Amino acid sequence: MGLPFTHLTSTKQLSRSDTDAIVGVAQDMEGILKKGGCDLLRGKILGSLFYEPSTRTRLSFESAMQRLGGDIVTADGIQFSSLYKGESIEDTIVVASQYCDIIAMRHPEVGSADRAAAVSLVPFINAGDGPGQHPTQALLDLFTIQKECGKIDGLKVAMVGDLRFGRTVHSLSFLLGLYDKITLVFVSPKELTMPEKVITFCKEKGIAFSEERALDAALTADVLYMTRIQEERFTDHSEYERLKSVYTLKAAHLKGKRTVIMHPLPRVTEIATDVDALPNAAYFRQVRNGVPVRMALLAMLLGKL
Ligand code: NCD
């Protein structure tokens with residue numbers, strides 16, 4: 001099956017046949033998980049390099065590798081690594097390539113993933129480059145939408161919150177653009193609107209979209225994707241303080257609605273905990289989907305499927 005590329009840094013490099021293949025393999029991986037894993041990647045090592053905070057992405061990459069019988073070596077926190085001593089991203093990646101068969105890296109700079117992929121001697125996966133992209137999150141989001149809604153074509157998907165700095169919504173918009181008759185609703189304060197690169201993409205692709213300010217605009221969607229205001233990206237902390245509670249989705253907003261509620265997590269205050277008990281609150285199921293999707297990617301990029 002394979003994938004027509006060695007490294008995954010952006011969802012813009014994916015075609016519909018790639019996403020169909022990844023979703024298909026992820027479904028098979030769910031079956032393998034039910035049986036407790038397998039030995040497909042025995043003898044292979046994942047280099048897990050996380051130079052920015054992460055819980056889900058890192059744990060699910062490492063869990064995915066181990067469920068496939070592989071091993072991991074890890075580095076975390078710039079302050080504990082040679083990057084802190086002044087080593088370039090390029091040198092760090094060439095060095096890491098000597099120790100492992102595939103690398104997943106998260107780094108605070110936009111473009112760090114492309115720089116890493118340009119020199120990596122082994123398959124490289126972007127696990128988040130600052131406010132740039134987070135392609136594996138978008139793939140697990142897509143897998144979640146497919147599972148929750150039974151389809152992707154024809155859906156109306158609303159994205160709410162920090163669309164400027166939130167990398168997950170950038171990556172997800174490019175992926176949804178591969179599907180037919182998608183409608184996107186971008187809800188954010190005016191300071192945190194979707195970047196031009198996504199707006200231009202929607203216009204070029206002829207995707208129906210609108211930019212809105214009020215949460216209400218998102219409540220008629222099939223999927224409502226909430227995001228956190230990205231505190232760490234603000235240069236002016238008072239602006240963060242002003243915007244941090246701009247949207248809070250509550251159970252009362254969702255009375256009688258079947259809208260699927262998603263969130264890449266971590267959540268701060270943007271989804272009240274009274275939403276958690278609703279059957280359409282999908283965010284904890286979404287987290288779980290990270291493992292089979294990352295298993296699929298690891299196996300495919302290592303040429304095992
Ligand atoms: C997201 C991220 O790191 O971009 N988290 C994740 O990977 N699940 C979202 C966020 O941090 O708000």
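Phe186 stands opposite Glu211 in strand 7, where strands are DSSP runs (E, at least two residues) and helices likewise (H or I, at least four), numbered from the N terminus. This is a predicted model, in which local features need pLDDT of at least 70 and side-chain atom pairs count only at pLDDT 80 or more, while totals for chains, interfaces and linings use all residues. Residues are numbered from 1 along each chain as its sequence is written, and side-chain values use heavy atoms, without hydrogens and water.

Strand 6 and strand 7 (residues 208-212) are parallel and share five bridges; pairing requires at least two bridges found by DSSP.

Four of the five residues of strand 6 (residues 183-187) are buried, so the strand is largely enclosed by the rest of the structure; buried means under 20% relative accessible area, exposed over 50% and partly exposed in between (1.4 Å probe, protein chains only).

Five aromatic pairs occur in the whole structure, counted when ring centres of Phe, Tyr or Trp (its six-membered ring) lie within 6.5 Å. The rings of Phe186 and Phe209 have centres 6.0 Å apart and planes at 40°, so this pair is tilted, the class between stacked (under 30 degrees) and edge-to-face (over 60). Phe186 is buried at 1% relative accessible area, whereas Phe209 is partly exposed at 25%.
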